[in-house]
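This report concerns the pairing of charged side chains. Side chains of opposite charge can pair when their charged atoms come close.

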Amino acid sequence: MTARSKSGVVIVSLTALTALTALTALASLTACAGGSPASAPQLPPTSGVFDYQLGGVSDRVDGGDALVEIDVVVRDATAEPLEGAYSVCYVNGFQTQPGDERWLDRPELLLRDAGTEPVTDPAWPDEYILDPSTADQRAGILELIGPVIDGCATDGFDAVEIDNLDTWTRFDGIDEDGAHALAAAYVERAHRAGLAIAQKNAAEIAPVARDELGFDFAVTEECGAWKECAAYTEVYGDHVLQIEYPDSLADSSLTFAEVCDQPDRAPLAILRDRDLVAAGGAEHLYDAC
């Protein structure tokens, strides 16, 4: 499991037609969820100790003088939530997980190149790109991802983080309206399961993601390095979880201390090693503002 880095994208806006498309798809895609919507999900705390644990889990983090308990944590959907902490469940909603062969049995759900081969992410070549461009494709994708979201709730997570929301900005074959409609369906599925749901990256569409698609809070990587944290905090207020990485800070000629001094950074902002190695590993790195 690896984290995603911010890619440069073009500022966009969602048209009324997109919103209508999203709502229409939302109704059809979530009919199978059944039942009535749960009460408003709980948002993550805005103070305390935060960690991002996709590469390995630990119950505490290095607080400098001693190990300290964690208040907010993000873990993969295959991991267990942390007892006593607000736990966010990582789900790759717009690309496949490495080694997940189920998608090869549903080739119509994968983006294809001109030679009809499935497209992979150049940065993560063991992940195929999902294609949510049509209603049938979105329904098929939800057949596989929806139970993962439901499973996060069953396992005891408080929220879900949907990764790779921005694939339509990185791959020409993906329809923007379809991508947003699928995002709206994920929001509805999470809310029906009683989970809050986080926008992951894609700073340029934060107002749309919250106001039209329905996301509750944000998880952002490298917003300090990219000097775009305000794009999230102006929309979600203090309900933003911020992760920085040493290589991107070096590329931006910034220190983590300088990021902590940025007036628009999130209240819960941390520095992690790129591979998110578990505590005790040789490459493990953790610091917090």
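## Salt bridges and burial

Glu222 is buried, its relative accessible area being 2%; buried denotes under 20% relative accessible area, exposed over 50%, and partly exposed the range in between (1.4 Å probe, protein chains only). This is a predicted model, in which local features need pLDDT of at least 70 and side-chain atom pairs count only at pLDDT 80 or more, while totals for chains, interfaces and linings use all residues. Residues are numbered from 1 along each chain as its sequence is written, and side-chain values use heavy atoms, with hydrogens and water left out.

A salt bridge is a side-chain nitrogen of Lys or Arg within 4 Å of a carboxyl oxygen of Asp or Glu. By this rule, the count is 17 salt bridges.

| Glu161 | Lys200 | 2.6 Å |

Salt bridges with shared partners connect Glu161, Asp163, Lys200 and Glu221 in one network.

The salt bridge between Glu161 and Lys200 links distant parts of the chain, with Glu161 in strand S8 (residues 159–163) and Lys200 in strand S9 (residues 196–200), 39 residues apart. Strands (E, at least two residues) are DSSP runs, numbered from the N terminus. Glu161 is buried at a relative accessible area of 0%, and Lys200 is buried at 1%.

In the third, Asp273 is buried at 6% and Arg272 is buried at 1%.

Methods: Helix = DSSP H or I, 4+ residues; strand = E, 2+ residues; numbered from the N terminus.
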